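Please look through the sequence and the model shown here, with attention to the aromatic side chains. The report below takes up their arrangement and then the chain as a whole.

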Amino acid sequence: KSEKSNIVQTEFCLYLCRSFNFNNKFGYHNDHTRYHCATDPAFSKAKKLNTKQMGSTIINMIHKFQLQRNIVTPVNGEPMAFSALPPLVPFLPDEISIQILARLSRSSHTTLSLVSRSWCSILRSQLLVALRSSLHLSSPLLLLNVRTPSGSSLWFPVDPLPNPNPNLNPSLPSLPVSGAATATLGHELYLLGGSLNGIPSAVVQIFDAASRRWSLGPRMSTGREFSAAAALNGRIYAAGGCTPSASTWAEVLHPGGGGWDMVPSPSEVRERWMHGCAVIGGRILVVVDRGGVVFDAEAGKWGPVPKKLDLGWRGRAAVVEGLLFTYDYLGKIRGYDLEADQWLTVGGVEKGLPRFLHGATLANYGGLLCLVWESRAQRKDMEIMCAGMRISRTEAKGLVGEILWKEKLVLGVPKRSYIAHCVTVDL
């Protein structure tokens with residue numbers, strides 16, 4: 001129920017693992033061990049059940065997992081049974097072990113999957129997804145927006161941790177817009193405005209990541225393209241992307257509570273084109289052609305961004321643990337501390353990342369800094385790399401990063417496509 005509790009549970013699991021020798025005599029060396037739970041059809045059935053029924057279904061899936069992980073397929077393809085593998089955690093029934101694993105932070109799953117193949121299988125299975133869902137534990141989901149050479153805009157829901165090579169099925173918005181702004185609230189993505197047939201649009205498109213469906217939301221008061229959008233305190237804000245003299249240059253939407261309301265703004269802060277937007281400490285920061293603006297939503301006040309922030313931020317960024325991270329042209333990941341008004345270079349990741357990341361973008365993935373970039377692999381389809389990093393402060397008041405996982409994803413789109421947006425929703 002708290003971060004401290006998660007740490008205690010993790011240490012408990014790791015202690016039990018260290019006290020037991022998971023070695024080759026138990027069959028973990030066999031490269032043909034089969035784990036079918038990840039594609040178990042019972043999971044799709046569990047989605048439609050109530051809590052009591054889901055509990056029964058999960059128990060059945062656990063029992064099925066226990067049976068199936070004791071099947072080995074030899075080289076000749078004929079399945080054969082062999083002596084039962086040890087439990088996931090020594091001296092504990094698998095039912096309890098799986099309950100413990102389900103409650104641990106998703107950021108620790110990659111490390112825990114190194115314990116054994118059984119652990120790796122259960123951590124990447126739909127069984128754990130179903131159990132976490134029944135416990136109302138949120139999980140982050142990346143939404144990648146890819147623009148193809150033909151002008152198509154495709155949204156790919158990506159969960160890199162449970163399956164590094166997922167079957168990515170793109171989702172198409174209701175209206176084919178370009179230059180739209182994005183904001184996420186819970187499990188919903190808000191796509192604001194954009195150019196529709198060459199004309200700035202006021203349309204609002206909402207993608208429900210839980211049902212994987214698009215719908216239309218309340219229209220904005222004015223058409224926008226290349227505007228700024230942000231979610232703050234349960235509201236969706238939009239600014240710019242229209243004529244600066246417009247009275248509705250900035251407006252706010254109360255989801256589920258009606259339409260858009262105008263946000264008063266002084267004329268001196270208004271710009272047309274917005275290049276980046278982020279939320280830090282209850283304030284919305286926007287970078288524009290010349291400088292940038294800050295909006296304090298609680299006080300309702302506008303002002304310029306600090307000069308140091310303006311000099312170091314020119315587009316894509318992500319906020320993690322109160323710091324704004326961006327990737328500069330020299331191949332360095334840097335974090336900006338708004339309170340101290342200073343940029344800090346992130347060290348410790350030089351060997352794990354290419355020096356120059358093509359088309360790089362960033363997102364907050366469950367408290368980790370997620371970096372996404374285009375691979376240089378020679379293939380017809382677009383290939384991207386995705387890495388999750390934990391960022392910590394050093395005693396010298398610097399920043400150091402630790403790459404926890406790095407995965408390769410192949411998208412079924414032409415090579416010359418590019419990543420337009422990368423955002424995160426919570427499921």
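## A charge over a ring

Over the ring of which residue does the charged end of Arg334 sit? In this predicted model, the charged end of Arg334 lies over the ring of Trp343, at 4.7 Å from the ring centre.

## Aromatic pairs

The count of aromatic pairs comes to 7. In one of them, the ring centres of Phe226 and Trp273 are 6.1 Å apart and the planes stand at 80°, so this pair is edge-to-face. Phe226 belongs to the loop between β10 (213–216) and β11 (228–232), while Trp273 belongs to the loop between β14 (260–262) and β15 (274–280), so the pair ties together parts that are 47 residues apart in sequence. Phe226 is partly exposed at 45% relative accessibility, and Trp273 is likewise partly exposed, with a relative accessible area of 30%.

Tyr336 and Trp343 form a tilted pair, with 5.2 Å from centre to centre and 50° between the planes. Tyr336 is buried, its relative accessible area being 0%, and Trp343 is also buried, at 17%. One aromatic cluster is formed by Tyr237, Trp249, Phe295 and Trp302.

## The chain as a whole

The protein chain contains 8 helices and 27 strands, and buried residues make up 50% of its 427 residues. Among contacts with a separation of 6 or more, 54% are between residues 24 or more positions apart. The accessible surface of the chain comes to about 21200 Å², of which carbon and sulfur atoms account for 53%.

How values were computed
Residues numbered from 1 in each chain as written. Predicted model: local features only at pLDDT ≥ 70, side-chain atom pairs only at ≥ 80, totals over all residues. Heavy atoms only, no water. Helix = DSSP H or I, 4+ residues; strand = E, 2+ residues; numbered from the N terminus. Buried < 20%, exposed > 50% of the residue type's maximum accessible area, 1.4 Å probe, protein only. Contact = heavy atoms within 4.5 Å. Areas by Shrake-Rupley, 256 points an atom, 1.4 Å probe, with all protein chains shown as cover. Phe/Tyr/Trp six-rings, centres within 6.5 Å; stacked < 30°, edge-to-face > 60°. Lys NZ or Arg CZ within 6 Å of the ring centre and 35° of its normal.
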